[in-house]
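Reader: Hi! Could you walk me through this model before I set anything up?
Author: Happy to; here it is.

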Amino acid sequence: MLYQIHNGAVRFAADTILEHINFEIRDTEKIAIVGRNGCGKTTLLKLIAGEVDLSKRDSDEDIYIARAGNPVIGYLKQMAFEDDSVTLEAEIRKAFQPILDLQARMETLLTELDRPDLPAEATEELARKYASAEERFAWMGGYDYEREYDMVLKQFGFPAEVRDKRLSEFSGGQRTKIAFAKLLLSKPDILLLDEPTNHLDIAAVEWLEGYLKSYNRAVVIVSHDRMFLDKIADVVYEIEYGTATRYPGNYSAFVERKRLNWEKQLKDYTQQKKEIERLTALIEKFKHHPTKVSMAWSKLKQLEHMEKIEAPARYDLRTFHANCTPKRETGKEVLTVSHLQIGYTPEHILSEVSFTMNRGQKLAVIGANGTGKSTLLKTLTGQLPALGGTSQFGFQVDVGYFDQQIAQYSSEKPVLDDMWDEFPDMTQTEVRTLLGSFLFTADDVFKKVSMLSGGEKGRLALAKILKRRPNLLILDEPTNHMDIVGKETLAAMLKDFNGSVLFVSHDRYFVSQIADSLLIFEEDSTDPGASDSRNNTFFQVQYYPYSYEQYQQDKTGQPDEAQLLKGIPDAKNKGSQTGTSTGSSDRTSESTAASVPASDRTVSGSGYNPGKELSRLTRRLAKVEELISQCEAELQSARDELLNPDYASDYGKLSEIQASITAKEQELEERMYEWSELSDQIEEQTEKSAR
């Protein structure tokens with residue numbers, strides 16, 4: 001165990017953010033922390049990083065944080081720059097200081113070993129120390145850190161020619177990437193990453209996936225990028241209702257396991273509720289019968305010692321919803337773009353674009369950062385002038401435009417007034433209903449817009465856009481600041497939208513769920529005139545008339561992860577779904593024979609003997625009670641086996657156990673019915689004997 005939190009809690013003033021947190025990091029695990037926005041994911045990272053402390057508790061419960069040794073914990077928010085005047089290269093190379101120090105020690109040891117007058121014992125000791133140092137040097141990446149340095153900076157968009165620039169010359173976003181690169185290259189024992197894919201393009205995200213998968217230390221990730229988590233995580237912790245639950249496997253395995261757990265708990269809760277009602281009815285029926293008091297007492301004890309199963313907590317699936325129906329239909333051609341030159345000045349043309357978009361089409365714009373994707377949308381919507389060529393919207397096209405800079409929108413108005421000013425003809429009730437459908441409820445509507453989070457500002461912008469019921473949505477990174485549930489909600493809305501959608505996104509899962517065609521921006525390395533006398537980098541734009549999955553398959557020869565996600569097996573459909581215990585026909589015949597009233601049976605010999613019949617029924621009742629106890633024990637054993645963590649991802653085994661439970665439950669029901677019938681018959685025979 002590398003790191004452990006036991007029964008932890010975090011409180012700020014009167015607010016409890018996390019409680020009863022049990023969290024473990026083992027060896028080189030890649031752990032994803034998931035949950036709704038505001039649930040405490042970043043707080044948990046800060047707790048691991050030591051930026052917040054465990055809260056004291058009034059109870060005697062044992063709470064602690066344990067570490068194996070003294071693991072180095074790296075957290076991006078800790079990576080501040082001490083001196084902005086140093087160059088990028090000098091700052092990044094600080095990450096290699098432990099390697100350089102160890103290298104110097106190894107050289108010193110070699111120098112000592114070269115001494116001709118060194119005794120044999122000392123030589124042996126120095127050789128042992130050198131071997132140990134060399135092993136650690138290799139583990140730290142000492143033999144390939146130069147190659148890794150160059151690779152990481154290139155992937156983060158820092159070619160060799162900019163590495164001698166001072167840190168103060170880089171933008172805020174670039175400085176964040178520099179800190180991230182330095183963190184990766186410092187190779188901490190526990191790497192904490194909070195939304196690492198933010199502001200990275202698809203190519204960089206795919207590289208980061210490979211880097212983290214091969215990282216030979218532990219990684220803890222908070223991310224809303226589903227495909228990223230599917231490819232990296234081997235453990236998922238979900239924070240819901242203030243506490244954390246551990247699930248083995250990646251994100252999709254977590255979703256499936258959570259669903260199965262929820263369904264199982266609901267089934268167990270329902271079955272136990274029925275069992276409690278059955279036992280209660282038996283106790284009430286027989287507690288005043290002298291011959292049944294022991295049975296009633298036994299069942300009462302069973303009821304008292306039963307470990308009660310709670311009803312499963314509802315899923316926290318609160319999300320926005322809206323009417324996305326366009327108010328009118330467009331013509332067949334929604335947007336025609338011909339040789340459209342985009343950029344910021346005639347001397348800086350980024351690319352030339354041509355495509356035609358038809359009614360109902362969902363076109364995704366993808367490519368590396370800085371290639372002109374957002375510039376294209378700004379040009380189409382009139383935010384920037386065209387530098388050449390034409391673009392023309394079709395008949396009756398109503399555009400709804402979402403700018404990725406919407407998170408910068410600020411106003412001192414309350415949310416209610418901000419929305420009402422946009423739609424003055426609506427009543428206050430109508431405005432509040434509209435805001436409520438985008439999760440602005442109760443006092444949220446009185447928050448000032450300037451105080452909203454990026455995600456809240458995004459929802460407010462979407463509410464305004466969709467209220468106008470456009471038939472063409474132009475969206476620039478609409479999922480920024482959204483959690484996974486929000487992204488999947490928006491993806492479902494856009495997929496079902498019967499208008500047209502042109503959107504930019506770096507989220508591959510989101511793109512794969514919506515797009516039926518792609519516009520791909522990439523550097524034209526094959527064109528010798530791509531960089532002309534204007535010192536201008538020109539980007540090629542390729543129109544691809546198929547889905548993202550097909551694009552990935554064509555590019556790599558392998559199906560994309562998003563395509564594989566659609567084929568996740570449903571555990572309910574695997575394994576045996578029916579179960580009947582051997583000998584069930586024998587039990588049925590026994591039960592039938594025992595339940596036939598004595599007065600209706602054919603008897604032989606000297607005639608019917610009530611004493612013998614009562615004795616026979618009593619013996620059978622004792623046997624049935626024994627079988628009931630045995631069946632209850634086997635049923636409990638099977639239910640315990642279902643919770644065995646070794647079978648957590650073995651859906652075939654889980655289905656087999658569930659089938660056994662179903663059969664045992666049916667058998668128990670039959671036995672209890674027989675027991676009830678026998679009890680009635682014994683009571684009847686006892687009364688006859690008394691007469």
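Reader: Great. What sort of model is it, and what do the values rest on?
Author: This is a predicted model, where local features need pLDDT of at least 70, side-chain atom pairs count only at pLDDT 80 or more, and totals for chains, interfaces and linings use all residues. Residues are numbered from 1 along each chain as its sequence is written, and side-chain values use heavy atoms, with hydrogens and water left out.

Reader: Thanks! How many helices and strands are there in the protein?
Author: The protein has 21 helices and 18 strands. Both are DSSP runs numbered from the N terminus, with at least four residues for helices (H or I) and at least two for strands (E).

Reader: And what share of the residues is buried?
Author: Of the 691 residues, 45% are buried. Buried is under 20% relative accessible area, exposed is over 50%, and partly exposed is in between (1.4 Å probe, protein chains only). As for contacts (heavy atoms within 4.5 Å), 73% of those between residues at least 6 apart in sequence join residues at least 24 apart.

Reader: On to helices. At what angle do helix 3 and helix 4 pack?
Author: Helix 3 (residues 97-113) and helix 4 (residues 120-139) pack at about 155 degrees, and their axes are 10 Å apart. Axes are lines fitted to C-alpha atoms, for helices over the stretch in contact, and angles run from 0 to 180 degrees between N-to-C directions. That makes helix 3 roughly antiparallel to helix 4; the classes are roughly parallel under 35 degrees, roughly antiparallel over 145, roughly perpendicular from 65 to 115, and oblique for the rest.

Reader: Which residue classes make up that contact?
Author: The contact of helix 3 with helix 4 has 11 nonpolar, 2 polar and 5 charged residues. Here Ala, Val, Leu, Ile, Met, Phe, Trp, Tyr, Cys and Pro count as nonpolar, Asp, Glu, Lys and Arg as charged, and the others, Gly among them, as polar.

Reader: Nice. What about helix 12 and helix 14?
Author: Helix 12 (residues 415-422) packs against helix 14 (residues 454-467) at about 25 degrees, with the axes 11 Å apart. Helix 12 is therefore roughly parallel to helix 14. Val415, Asp418, Met419 and Glu422 of helix 12 meet Leu460, Ala463 and Lys464 of helix 14.

Reader: Switching to sheets: in what order do the strands of the open sheet run?
Author: The order is 14-15-16-12-17-18, with 6 strands and mixed pairing; two strands pair if DSSP finds at least two bridges between them. Strand 14 (399-402) and strand 18 (539-544) are at the edges with a single partner strand each, so one side of each has no neighbour in the sheet.

Reader: How do strand 14 and strand 15 pair?
Author: Strand 14 pairs with strand 15 (residues 472-476) in the parallel sense over 4 bridges. The bridge partner of Phe402 in strand 15 is Leu475.

Reader: Last one: is Gln271 buried or exposed?
Author: Gln271 counts as buried because its relative accessibility is 18%. Gln271 sits in helix 9 (residues 251-286) and touches Arg639 and Glu665, leaving aside residues up to four places away in sequence.

Reader: And Ala203?
Author: Ala203, in helix 7 (residues 202-213), is partly exposed at a relative accessible area of 47%. Ala203 and Gln155 are 48 residues apart in sequence, with their C-alpha atoms 8.2 Å apart.
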